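Student: Could you please take me through this structure step by step? I would like to ask questions as we go.

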2 protein chains.
Amino acid sequence: MTKKLKTEIRQELIAKEALKILGRQGLGDLRIADLADKVGLVPSGIYRHFKSKDDVIDVVLDFAHNSLLTNVRSVYQENSDAVERLKKLFELHLRLVLENPGIPRLVFSEVIFDDKARGKSKVIEIIHSYFTKIDEIIRVGQKEGQIRPDIEPRTGAVMFLGLITSSVILIQIKDREFDPNNHIQQ
Amino acid sequence: MTKKLKTEIRQELIAKEALKILGRQGLGDLRIADLADKVGLVPSGIYRHFKSKDDVIDVVLDFAHNSLLTNVRSVYQENSDAVERLKKLFELHLRLVLENPGIPRLVFSEVIFDDKARGKSKVIEIIHSYFTKIDEIIRVGQKEGQIRPDIEPRTGAVMFLGLITSSVILIQIKDREFDPNNHIQQ
DNA sequence: GTCTATTGTGAATGAGTATTCACAATGTAG
DNA sequence: CTACATTGTGAATACTCATTCACAATAGAC
């Protein structure tokens, strides 16, 4: 029998493993049985620590949400120039999704794949809040004269997110030649 | 009993309806039973015209592929300036996905949701070929001096696709205030 | 060391859905 | 009008998975 672990520990292990699977195979291939296997349990064991599969996903989403907010906070502290903040945020975001490809996969899956309620509202909240914060950075930058005032903040945010998402998607497609870092400067 | 129709006709009706469902509800909610219902058949009826559900999806993907290629061809014929071509292509693309939201939903689903073989390779081919063609437009524009030569074509293509995909995604999220057309100019 | 709560197990259960198949209706060629 | 191929039907069938549950092992409190 697998060693017994406190439920907080197991939860964490399970969530981490779920994120890995999401990164490698996507939400469509996330099975409770696989997950259990990877953490050394039988399927029913998962249910000692999570009420349902959706709950596992929820925890992963929370992790993603926190990571994004952490990044935003970080660029506010470490940079005072808006353009610098955006650059830095892009860099942090890229690092985050490169290290955890499961995050964008999960987020996009929830948005695009399925219309059912489930975690979708949660995901939309996450994106919306992130979007608003980017918008905010741009506004501040304009007020302080670091960004051209004739750019609509929303448009800027759209483009910024666009650059991010397309990079992420291209990475997904595993166009191996593609190195996002090359493109940041331009 | 529902009127009997030649299989080519029925196939087309089924594929069209599948595209509609994909647009409204996403790949995760595409059921053979629903599909049958919408075209006025019972589930087993679908199998008179398609070998499997994946085959239905394949036909929809073919439709998407053709549409994209048609757009590219069109901008080559109607515009000689590269920047104009890109603008026009963006416009056509936007129109296409607005009229057929099922196309981007399906494409993204296949790429992001699932790692299984299935149509994925087909989707990757589609995106890759589209990407290459955008790259091509930029190259030609540089050769003829309509686009700054210091931009890497690949980078340009990334940004262009990025703008497109982020627009599409934002539309998905149904941020109602969002009107992509506002942002094209900027 | 014993007792009890917690965690792990293995075998069902059950829901959701694609797919198959024998049969029925219908269109069409002759 | 008849026969045959094509298309539609309804009832199985089969599969994949999440989830449940009674039971077993283990850890920690006393």
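Student: How much of chain A counts as buried?

Tutor: Of its 186 residues, 38% are buried. A residue is buried if 20 or more other C-beta atoms lie within 10 Å of its own, exposed if 12 or fewer, and partly exposed in between, with C-beta atoms placed from the backbone. Please keep in mind that this is a predicted model: local features need pLDDT of at least 70, side-chain atom pairs count only at pLDDT 80 or more, and totals for chains, interfaces and linings use all residues. Residues are numbered from 1 along each chain as its sequence is written, while chains are lettered from A and ligands numbered from 1 in the order in which they are written.

Student: How many helices and strands does chain A have?

Tutor: Chain A has nine helices and zero strands. Here helices (H or I, at least four residues) and strands (E, at least two) are DSSP runs, numbered from the N terminus.

Student: What share of the contacts in chain A is between residues 24 or more positions apart?

Tutor: Such pairs make up 58% of the contacts in chain A with a separation of 6 or more. Two residues are in contact if their C-beta atoms, placed from the backbone, lie within 7 Å.

Student: And the largest nonpolar core, how many residues does it have?

Tutor: It has 89 residues, and those with the most contacts inside it are Ala18(A), Leu22(A), Val60(A), Val107(A), Ala18(B), Leu22(B) and Val60(B). Helix α8 (residues 153-172) of chain A gives the most to this core, with eight residues. A nonpolar core is a set of buried Ala, Val, Leu, Ile, Met, Phe, Trp, Tyr and Cys residues joined through C-beta atoms within 7 Å.

Student: Which residues is Val60(A) in contact with?

Tutor: Leaving aside neighbours within four places in sequence, Val60(A) is in contact with Ala15(A), Ala18(A), Leu19(A), Leu22(A) and Leu106(A).

Student: Where is Leu106(A) found, and why does it count as buried?

Tutor: Leu106(A) belongs to helix α6 (residues 102-113) of chain A. Leu106(A) counts as buried because it has 27 C-beta neighbours inside 10 Å. With neighbours within four places in sequence left out, Leu106(A) is in contact with Leu22(A), Leu27(A), Val60(A) and Leu61(A). Leu106(A) and Ile57(A) are 49 residues apart in sequence, and their C-alpha atoms are 8.5 Å apart in space.

Student: How many residues of α6 in chain B are buried?

Tutor: Twelve of its twelve residues are buried, so the helix (residues 102-113) is mostly covered. Among them are Gly102(B), Arg105(B), Ser109(B) and Glu110(B).

Student: Why is Glu110(B) buried?

Tutor: Glu110(B) is buried because 25 other C-beta atoms lie within 10 Å. The C-alpha atoms of Glu110(B) and Lys122(B), twelve residues apart along the chain, are separated by 9.4 Å.

Student: Then what about Thr155(B)?

Tutor: Thr155(B) is in helix α8 (residues 153-172) of chain B. With 16 C-beta neighbours inside 10 Å, Thr155(B) counts as partly exposed.

Student: And Ala33(A), buried or exposed?

Tutor: Ala33(A) counts as exposed because it has 10 C-beta neighbours inside 10 Å. Ala33(A) lies in helix α2 of chain A.

Student: Changing topic, which residues come nearest to DNA strand D?

Tutor: Of the 23 residues around DNA strand D, Ile32(A), Ser44(A), Lys53(A), Thr7(B) and Ser44(B) come nearest. The elements that give two or more residues to this surface are α2 (32-39) and α3 (43-46) of chain A, together with α1 (7-25) and α3 (43-46) of chain B. A residue is near a strand if its C-beta atom, placed from the backbone, lies within 6 Å of it.

Student: Which residues come nearest to DNA strand C?

Tutor: There are 23 residues around DNA strand C, and Thr7(A), Ser44(A), Ser44(B), Ser52(B) and Lys53(B) come nearest. The elements giving two or more residues to that surface are α1 (7-25) and α3 of chain A, with α2 (32-39) and α3 of chain B. By class, the surface near DNA strand C has nine nonpolar, six polar and eight charged residues. Ala, Val, Leu, Ile, Met, Phe, Trp, Tyr, Cys and Pro count as nonpolar, Asp, Glu, Lys and Arg as charged, and the others, Gly among them, as polar.
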